[in-house]
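Please walk me through this model, stop by stop, with the viewer open. What should I select next, and what will I find there?

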Amino acid sequence: MEFTCLSKGTGSQFPPCHILNFCGMKILLDCPLDLSALTPFSPVPAAFYALPSLEDDKMDANNDGGSMVVPAKRQKIENQPDNKSLIFAEPWYKTVMNLHLWNPSFIDVVLISSPMGILGLPLLTRMKGFSAKIYATEVSARLGELVMRDLVSMHGELKQFYGPMVADFPEWMRKEEVEKIPSALREIILGKDGAELGGLMPLYRIQKLKYAEEACYNGTLVIKAFSSGVEMGSCNWILDGPKGVIAYLSNSSFISSQAAAFDYQSLQGTDALLYSDFSTLSSTEDEDEENQSVQLDDKLPPSSHPLVGLYHSTKEDSEEMEKLAFICSCTIECIKGGGSVFIPINQLGIFLQLLEDVSKAIDASAMKVPIYIISSVAEDLLAYLNIVPEWLSRQRQERLFDGEPLFDHVKLLEDKKIHVLPNIHSDKFWMHSQEPFIVFCPHWSLRLGPIVHLLQHWRQDPKSLLILEGMVDPQLALLPFKPMAMKVLQCHFQSGIGLRRVRPLLETLQPKTLLFPEEFRSHISFPSEKFRSVLFYTEGETSKVLCKDGLELKIPATPASNFYWNAFKEQEISLARLNGELVVENGRYRLLLDNNEKNSNGRTNLVPDLEKLLAAFTNLGINASVEHQKMNIPCVIHTHEPYKAVMEIGTSGVVITTSAENVASHLYKALDSVLKGK
């Protein structure tokens, strides 16, 4: 197996991307878009910044009266970025740069581990020669489709602002223009090594699986998905082929209040395990990692124990609940002060949990505050979540058994406590809403969607509150809306396994070979007595891994028990001659014997040439004679001197009867030499 890490990603919104060469097939693991690369683009045209404001009045005094002020051309001077240093053009979307080094026609299989890992597929599938088979869980495929629809809808609004592209290579991509962009924004576009500009592209039949459902590609590779516990439909993969079994461990979580629990049991005992949860490094951990790993060893149960509910008393879970409670308290405080609250949607599970918790906090405060969800796909999304109980956590499933809806938004919609709108221009919002109110809407990058319009309108309101969830840089994200007086609260929720749990988890999984990120080497140690082989990988480098020594061949049991084996002591192998067809079925080699082979019980003419056999006995100094054939026994040979024995050679074996010591082995060697000469 050959393995190449194409991208480490930056978290759940931009998951890692890898490519495997396994069993003669190239397998692409996830195809995401880096939507954080939208940060250098302005979500509003340049003319927006020419609108009068207190800060601009002094600058306007020096300009000719009646003329429109537009941002000056960027100068190659390094300073702090501001809203005029952004790119005023239709945004391009950043794919995995290293993926462009591979010929798409050579990719055989694409595996999608999460809804966000699907966003780059429209750009990949339009490349010349692409014909790979794509696999994803049912929920990942549906949620990914909704995210893409929403993205296209929001992008369409930007095209209305900036108009159609007049050239395939826009002016802002020219080298001299890129060099004028402030370094903080330029690094997002070019990457740290300045080589990622080619990953930017303009925006233009998945086989859906259930958890643990087998899908066989080309008869050679058996593919199965298992819950990773991060989001509904997100998964880890098992690849089972003739050359071994590989587990792909993507972004996973033991804290799962919405999605099905992390099924790590199904990843145990594989030939190789590819660890790809880079979000673990972003979590806050104590310094003494080694001691904490030992202390947490007993928190991973044997595989016979159920997973659901195991982690609800952990420190991490309580911290996540405290964050949610703090957001709710800040929301209520802001509402009481007369301000509105704006929450860009990031992780789906966090959005659903916040929606329920904020609604309960409002009810507890005896206030009547409308909640708006503004998105082109919100209605379809909320309806879809009510029909996928098998993809949810056990806590959610128990609500269904109790006769309750899976999520509180069903009842909230009926009571008209929340309102779902397809776009920001709805009359229901601008004409009938009364402040204060709460709005959930896309996009977390603050470059697309309804949040752009909302921030333009309320950015100078000191009573309002913006809640950012995730690792977005608030200084860069808020550039287009400065100066702003509204309050900003940022909160990051854990989306990975957690550094303290990595080694105990891997000790439980016990792969024969572990492929592990180089970035973790200084954080986690792997004792040789517990880990047979550990290979560290880095982005952009190809690693070769031997998964299994030799290949397995399935042969029907009855003829296999009667094969005539030729032993070669020096090479320590045994060979048998067979006639049949070699096929690959469900990831395993299988030999289909032809009719003659089956009728002879898998043998190739076991009865020897009697003249050659008697001559071989004579060369050994053995006097022998052939008796007339008996019923069901093709050949009976008697030896007279120097010792007596009877050799019965039949179709199912050879029986040698003698009272002398070591005689049978001498006679068998003579028979074996004659058979080998055929």
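Start by selecting Ile-373 and Phe-440: Ile-373 stands opposite Phe-440 in strand E17. This is a predicted model, so keep that in mind at each stop. Now show the whole of strand E15 (residues 371-374), which pairs with E17 in the parallel sense over 3 bridges.

Which way do they point? Ile-438 and Phe-440 go one way, Val-439 and Cys-441 go the other way, and all are buried.

Select Gln-13, Met-116, Val-147, Asn-346 and Leu-348, the residues nearest the centre of the largest cavity, which has 38 lining residues. Its volume is about 660 Å³. To see the elements that give two or more residues to this lining, colour helix H3 (138-162), helix H8 (348-364) and helix H9 (378-384). H3 gives the most, with 6 residues. Colour the lining by residue class and you will get 23 nonpolar, 12 polar and 3 charged residues.

The next stop is aromatic. The structure holds 21 aromatic pairs. Select Tyr-275 and Phe-520: their ring centres are 5.7 Å apart and their planes stand at 80°, so this pair is edge-to-face. Tyr-275 belongs to strand E13 (residues 272-275), while Phe-520 sits in the loop between strand E20 (513-517) and strand E21 (533-537), so the contact ties together parts 245 residues apart in sequence. Tyr-275 is buried, at a relative accessible area of 0%, and Phe-520 is buried with a value of 0%.

Move on to Phe-526 and Phe-536, whose ring centres lie 6.3 Å apart with planes at 55°, so the pair is tilted. Phe-526 is in the loop between E20 and E21, and Phe-536 is in strand E21, 10 residues apart. Are these two buried or partly exposed? Phe-526 is buried, with a relative accessible area of 16%, whereas Phe-536 is partly exposed at 24%.

Finish with two charges over rings. Select Lys-323, which lies over the face of Phe-493 at 5.9 Å from the ring centre. Then go to Arg-501, placed over the face of Phe-254 at 5.4 Å from the ring centre.

Methods. Residues are numbered from 1 along each chain as its sequence is written. This is a predicted model: local features need pLDDT of at least 70, side-chain atom pairs count only at pLDDT 80 or more; totals for chains, interfaces and linings use all residues. Side-chain values use heavy atoms; hydrogens and water are left out. Buried means under 20% relative accessible area, exposed over 50%, partly exposed in between (1.4 Å probe, protein chains only). Helices (H or I, at least four residues) and strands (E, at least two) are DSSP runs, numbered from the N terminus. Two strands pair if DSSP finds at least two bridges between them. On a 1 Å grid over the protein atoms alone, a cavity is a set of points where a 1.4 Å probe fits but cannot get out, and a pocket is an open set with protein on both sides within 12 Å along at least five of seven lines; lining residues have an atom within 4 Å of a point. Grid points are joined across faces, edges and corners, and a volume is the space filled by probe spheres set on the points. Ala, Val, Leu, Ile, Met, Phe, Trp, Tyr, Cys and Pro count as nonpolar, Asp, Glu, Lys and Arg as charged, and the others, Gly among them, as polar. Rings of Phe, Tyr and Trp (its six-membered ring) pair if their centres lie within 6.5 Å; planes under 30 degrees apart count as stacked, over 60 as edge-to-face and the rest as tilted. A charge sits over a ring if NZ of Lys or CZ of Arg is within 6 Å of the ring centre and within 35 degrees of the ring normal.
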